[in-house]
Amino acid sequence: MADGSIGLWTVPLAVLGGAIRVSTPFLFVSLGECITERSGRINLGLEGTLVMGAMSAYGISYLSGSPWLGVLAAGLTGALFGALHAGICSLPRVNDIAVGIALMLFGTGLAFYLGKPLIEPTAARLPAIDFGWWSDIPQLRAALRINVLFLIGVALAPLLFWAFRTTRWGLLIRTAGESADAARAMGHSVLLIRLRATMAGGFLAGIGGSFLSLFYPGSWNEGLSSGQGITAVALVIFARWDPMLCLWASLAFGGAAALGPALQSVGVTSGYHLFNAAPYILTLLIMIITCSPKRTLSGAPAELSITR
Amino acid sequence: MDFGGISRRHLLQGGAALGLSAAAGLKPAFAAETTIGFIYVGSRDDYGYNQAHAQGAAALKKLPGLKVIEEEKVPETDAVEKTIESMINLDGATLLFPTSFGYYNPHMIKMANKYPKLHFEHCGGLWTDKDPKNAGSYFGYIDEAQYISGIVAGYTTKSGKLGFVAAKPIPQVLRNINAFTLGARLANPKATTQVIFTGDWSMPVKEAEATNSLIDQGVDVLTCHVDGPKTMVENAARRGAFVCGYHVNQSPLAPKAYLTGAEWNWEALYPKFVKMLAAGESIPNFYRGGLKEEIVKVSPYGEAVSDEAKKHADEIKAKFMADGYTIFKGPIKDNKGNTVIAAGTDRGQKDPELEKMDYLVEGVLGATS
């Protein structure tokens, strides 16, 4: 169109752009949680880890001028939180869900406290790769400005899928998750496996946080996550502990988050609250469709405290 | 009950010791300090609503004889009562500013009844005759500043499409959207404002998505009414669009893209309140005003603002300052074609009808439900 508007095409484009822009934190947190839960533990604290990751990435990027150092710092902070969770859970008679909730509150509280002076300054952001160079439609080019973290996340999903199936490490994690006794009988320390799996999960969740503060929406503030970490943890159950399904579910959530604003921008104004709730309605629907009173969730690691 | 008398007696009893007169700079020799408590619902450096109040608090800190205490992130629940109690009992605060809208009823009312000798000032304009006399609720007609922003936006837009990222369709927000649009159409009668409601006051991801969707639609000047405009300002500037700010001056975030903005001017109002008390006067329970009363202000123009736009905007601003301008002047139609303000009807700023606004004017693309 002459005035540079693309009319109704905005909606599919926004959903595409949203799937790419909004999905990355979901993807990293859900893949991380996938590793942790496959080892037989639930870490609900990833919301706190995500927010801590976002804060530390922003802080380090601001102080050092290098966003990549920020990403690394976020990952390490996440791993530290993972170690804390695993450490506390390895004590006898400690419930991993309760520890997770405590760490979620601790992580967000600590991030808000330490992040106070970071709200105002502007930190160096992660660069985007322009995949839309071939197009002369500015809207499409904007949607295709992709951050490399998204690509890493997309590559990580099949890699994890493959690793769970065929590598020794994947097998060990799965053994610890399916039957702790079997892992012990094989001569492995279940606690050590779970420590490593939770740390790896925390590392990924921290990186997911760095995407929020360093790329999109791209600044540190206290409303930044607004529950995305918790949503991503739920997403793992929804994805049946399968990394590839985590990828598709994250993309669907990202696209659904963009649907509400996009529909309003083209003039579909009725019921925008409903469209804004689209990701949650989607979750509920799939949960209802796939649940059955006759069997436990397929794919659920047997050692998880919710299935045991 | 004679509020003035109580206020004076309070001042005579405690005022000397508290050094309220020192606050006005009259007798700086007083050793004791007056303690003023500020309570914010969010972070005080959010580039938004809370920062605007914190700037007002900072202006008070500069005055001699005043001690300002602040607490951030106090939810609009019983928590605010606890904060007020501790500010009174532990810090000795005698004047309190619970700044968030939802603090007023029942929390602040309850505290004002419990401590009848202390003063409570709330931002939101909610005071009615039934409420305690030591409580007050002030508010600013920030739509005047939005109207000026609209004029500047109307001159700057090339596509004639403006965007508004809004939280919820409540009267205060609708009034800003409508004033912005009416201002823009003064400059460019064909201009339209596309509005997107995010559903809540602080939704950074939704705000960023809304900003991107608007720009995808060809919008080239954006403004907003959410608690923290930082997300909209930064994301719009990254996409090469212009922005008008809200709450405080966001130009440090996007110096090239920032045109102007509608700001609160609490740093002018709060010292006035303190001086009123120090002089033994009572603060009017229901205190309101716009540009003329220095409760709101317009950000300095950015470099992208044309001389023509500046001239027109300054002209209207001067009329506001002289109190000779009405934004909502009939005939005004809503965007469904119904006449909402009949020809010949002037709805001045203080008109209570405007407080019930539930429509979007002609030129706004969007709906309130």
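Mentor: Axes are lines fitted to C-alpha atoms, for helices over the stretch in contact, and angles run from 0 to 180 degrees between N-to-C directions. This is a predicted model, and in it the axes of H10(A) and H11(A) come within 9 Å and cross at roughly 130°.

Trainee: Which residues of H10(A) and H11(A) make the contact?

Mentor: H10(A) brings Thr231(A), Leu235(A), Val236(A) and Phe238(A), while H11(A) brings Cys246(A), Ala249(A), Ser250(A) and Phe253(A). By class, the contact of H10(A) with H11(A) has six nonpolar, two polar and no charged residues.

Trainee: What makes H6(B) roughly antiparallel to H11(B)?

Mentor: Helix H6 (residues 143-156) and helix H11 (residues 307-321) of chain B pack at an angle of about 160°, with axes 9 Å apart. The cut-off for roughly antiparallel is over 145 degrees, so H6(B) and H11(B) meet it. Their crossing is right-handed.

Trainee: Which residues of H6(B) and H11(B) meet?

Mentor: On the H6(B) side they are Glu144(B), Ile148(B), Ile151(B), Val152(B), Tyr155(B) and Thr156(B); on the H11(B) side, Glu308(B), Ala309(B), His312(B), Ala313(B), Ile316(B), Lys317(B) and Phe320(B). The contact of H6(B) with H11(B) divides into eight nonpolar, two polar and three charged residues.

Trainee: What makes E2 and E11 of chain B edge strands?

Mentor: The order of the six-stranded open sheet is E2-E1-E3-E4-E5-E11 (chain B), and the pairing is parallel. Strand E2 (66-71) and strand E11 (286-289) each pair on one side only, and these are the edges. From one strand to the next the twist averages 20°.

Trainee: How do you know that E3 and E4 of chain B pair?

Mentor: Two strands pair if there are at least two bridges between them. Two bridges join strand E3 (residues 93-98) to strand E4 (residues 119-123) of chain B, and the two run parallel. The cut-off is therefore reached. In E4(B), His119(B) is the bridge partner of Leu95(B). Helix H5 (residues 104-114) of chain B packs on this sheet, touching E3, E4 and strand E5 (135-140), and its direction makes about 165° with that of E4(B).

Trainee: What is the strand order in the open sheet of seven strands in chain B, and what is its pairing?

Mentor: The order is E12-E10-E9-E8-E6-E7-E17 (chain B), and the pairing is mixed. The edges are strand E12 (296-298) and strand E17 (364-365), each pairing on one side only. Within the sheet, strand E9 (residues 242-247) and strand E10 (residues 258-264) pair in the parallel sense over five bridges. Gly245(B) stands opposite Gly261(B) in E10(B).

Trainee: What makes Arg93(A) stand out in its phi?

Mentor: Most residues other than glycine have a negative phi, and most peptide bonds are trans. Arg93(A) is not a glycine, yet its phi is positive, about 55°. Arg93(A) lies in the loop between helix H3 (67-89) and helix H4 (96-115) of chain A.

Trainee: Which residues does a cis peptide bond join in chain A, and which in chain B?

Mentor: In chain A they are Tyr216(A) and Pro217(A), with omega about 0°. Pro217(A) is in the loop between helix H9 (190-214) and helix H10 (228-238) of chain A. In chain B they are Asn105(B) and Pro106(B), with omega about 5°, and Pro106(B) is placed in helix H5 of chain B.

Trainee: How many residues does the contact take from chain A and from chain B?

Mentor: Chain A gives 37 residues and chain B gives 34 residues. Helix H1 (10-38), helix H5 (138-143), helix H11 (243-265) and helix H12 (272-276) of chain A each supply at least two residues of the side that touches chain B. That side of chain A has 15 nonpolar, 19 polar and three charged residues.

Trainee: Where in chain B does pLDDT stay under 50?

Mentor: Over residues 1-31. The mean for chain B is 88, with 91% of its residues at 70 or more. The model scores ipTM 0.85 and pTM 0.84.

Notes
Residues are numbered from 1 along each chain as its sequence is written. Chains are lettered from A and ligands numbered from 1 in the order in which they are written. This is a predicted model: local features need pLDDT of at least 70, side-chain atom pairs count only at pLDDT 80 or more; totals for chains, interfaces and linings use all residues. Helices (H or I, at least four residues) and strands (E, at least two) are DSSP runs, numbered from the N terminus. Angles under 35 degrees count as roughly parallel, over 145 as roughly antiparallel, 65 to 115 as roughly perpendicular and the rest as oblique. A crossing is left-handed if the near helix is turned anticlockwise from the far one by less than a right angle, and right-handed if clockwise. Two residues are in contact if their C-beta atoms, placed from the backbone, lie within 7 Å. Ala, Val, Leu, Ile, Met, Phe, Trp, Tyr, Cys and Pro count as nonpolar, Asp, Glu, Lys and Arg as charged, and the others, Gly among them, as polar. pLDDT is the predictor's confidence in each residue, from 0 to 100.
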